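Hello,

Here is the structure we talked about, with my notes below it. Please read them with the model open.

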Amino acid sequence: MAKPKRFITTPIYYPNSRPHIGSAYTTIVADFFARLYRELAYGTYFLTGVDEHGEKIQKAAEAKGETPQQLVDEMASSFKDAWKRLGISYNRFIRTTEKSHEKLVREILMKVYEKGDIYKDVYEGYYCVSCERYYTEKELLPGLLCPYHHKPVEKKRIDAYFFRMAKYRDELLAYYRENPQFLPPKYKEEILNKMKDLKDICISRPVNQVSWGIRLPFDEEHVAYVWFDALLNYMSGLDDKMQFWPPDLQFMGKDILWFHAVLWPAMLISAGFALPKREIAHGFLTVDGKKMSKSLGNVVDPLEMAEKYSADTLRYYLLTKLPFGDDGDFSRAVFKEAHNSELLGHYGNLANRLVKLWHRVAGKAEIEQEGKLAVDECFAKLESLKAKIEELAASNDVESLLPFYANDVFMDGVGAINAYLNEKEPWRLEPSEAEPILRQALEAFLYVSTLLKPLLPASTSKIFSSFGYEPCVSELELGATLSKVKTIPKELFLFKRVE
RNA sequence: AGCGGGGUAGGGUAGCCUGGAGUGCCCGCCGGGCUCAUAACCCGGAAAUCGGUGGUUCAAAUCCACCCCCCGCUACCA
């Protein structure tokens, strides 16, 4: 029977600046799972992209003397470049200015409108004349002052369209009950509390205020206001591959969970589509206990960290050193130690140690081994690692997979090989005695490295290209890998020490 | 304010739902081993009143109550 599919998404990011550590975090987490499921031969579709509409883009473009389209083109390239440097293996990069996306949004809006779930009403907000825009009360400074001009705003009423979200309250609650995986446990109570007072939501702005957006198909004087536009990327991004529908794992920061957990499924129920399986929220990063902010000057640039250490180091740090789902503190000291002591010390050193030993002691580069290698029984537990990964992946147990990879796959897997070498001391033996021991260790190393592909894609890729053979987890068999490699490199430096 | 999340050795974490000796992991530190390897690797050790107080229980990091500290959310903000 064919493996099931996994449709994995990140939010589409608002491209008003280069990717920051938060969007990198979400994207790297999603990429880890996308790579993992591909390794396990699931039909996998990994979608990310940018949210290009809205007033801020419009204003930013005006300020730069560009058209909004020029601006978003630049920003989209910047994001794609960043993801490339971080090794993000998305299948599709969706931009909401794509014609096909705009078409789909209008179709869905029409569908929902015809169903009677959209109605016109009055939106009351705080308007700043200088900014020419509306603010929510929360955005304003105390005393109802505009945050930019520090001037009083006025309460103003405009016509706008509303989506009948409250209508779907009971259906949503039933869905939560029947699909206990849908909401992240940590935020479930919060969502349920808010559901008690569920209101309809405004989904439009008049064109004269925001022109950079998708026009409502039933009223061209209004544009779709953000979320209705943005959330539908998860559908338009599939293009003609609707067989992947619905999303299986939707990753995001905890700040936008509410929209994904409530508005998004309500929209889908209204439009008549199956609902996503899991919404997964991660926490935010602080720096040395303080909130990251430009004014404090403590913003962590993911690309800078990846460049100074390696893309894999950034990924390893974010995936294994932070408590997933809770806020975590970004520590440069821990980051550096993770690189030098763990990645380089345990793993990188082992790689080089092994291949050099091989050439030194066994003294031959060709592999004479035919067929399957009888692997030393102390490595037999490696097979249980693979079994456990398959089990956790099948149940979408994302919370357990990350610590399992950190402790069991990386630490125990790599540690077992280092300990094996220390115990057997092949460097003291005659070549004929050392060779079988090194075979065992190399086989185990390749096995563990295959398991580590989702966690450390760049390093493992380097390993397998050096050996001239790359297995994937679903076909992995202990004892059957070393005989397939083309060569054993003379040396193998996976990480550089950073002082 | 309301609602929610967190507070576990010097640092970072897992465990908490489904109570059972402070049990695990990483870094750092101390001692030993090894010297093949990017001063890396292996073994051993010290170090925690599991935020505080009280309660339930034969038994609590784990369940309950209250308190203290940190953080987030509060929707028409993308």
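How many aromatic pairs does the structure hold? The count is 30. Keep in mind that this is a predicted model.

One of the pairs joins phenylalanine 379 and tyrosine 420. The two rings are tilted, with 55° between the planes and 4.7 Å centre to centre. Phenylalanine 379 lies in the loop between α12 (332-362) and α13 (381-394), while tyrosine 420 belongs to helix α14 (residues 398-424), so the pair ties together parts that are 41 residues apart in sequence. Buried means under 20% relative accessible area. Phenylalanine 379 is buried, because its value is 0%, and tyrosine 420, at 3%, is buried too.

Phe32, Phe33, Phe251 and Tyr405 form one cluster. Elsewhere, the charged end of arginine 205 sits over the ring of tyrosine 225, 4.0 Å from the ring centre.

Next, the domains. Chain A is assigned domain 1 (5-282) and domain 2 (308-484). Their centres, taken over C-alpha atoms, are 39 Å apart. In the contact between them, 30 residues of domain 1 meet 32 residues of domain 2.

The size of an interface is often given as the accessible area lost when the parts come together. Here about 2,600 Å² is buried between the two domains, and carbon and sulfur atoms give 65% of that area. On the domain 1 side, Tyr25, Phe32 and Glu39 supply 26% of the area buried against domain 2, more than any other three residues.

There are three salt bridges between domain 1 and domain 2. Arginine 278 forms a salt bridge with glutamate 399, with the closest N and O atoms 3.0 Å apart.

Regards

Notes:
Residues are numbered from 1 along each chain as its sequence is written. Chains are lettered from A and ligands numbered from 1 in the order in which they are written. This is a predicted model: local features need pLDDT of at least 70, side-chain atom pairs count only at pLDDT 80 or more; totals for chains, interfaces and linings use all residues. Side-chain values use heavy atoms; hydrogens and water are left out. Rings of Phe, Tyr and Trp (its six-membered ring) pair if their centres lie within 6.5 Å; planes under 30 degrees apart count as stacked, over 60 as edge-to-face and the rest as tilted. Helices (H or I, at least four residues) and strands (E, at least two) are DSSP runs, numbered from the N terminus. Buried means under 20% relative accessible area, exposed over 50%, partly exposed in between (1.4 Å probe, protein chains only). A charge sits over a ring if NZ of Lys or CZ of Arg is within 6 Å of the ring centre and within 35 degrees of the ring normal. Domain bounds come from an automatic or database domain assignment. Contact means heavy atoms within 4.5 Å. Buried area is the accessible area (1.4 Å probe) that two parts lose on being put together, summed over both. A salt bridge is a side-chain nitrogen of Lys or Arg within 4 Å of a carboxyl oxygen of Asp or Glu.
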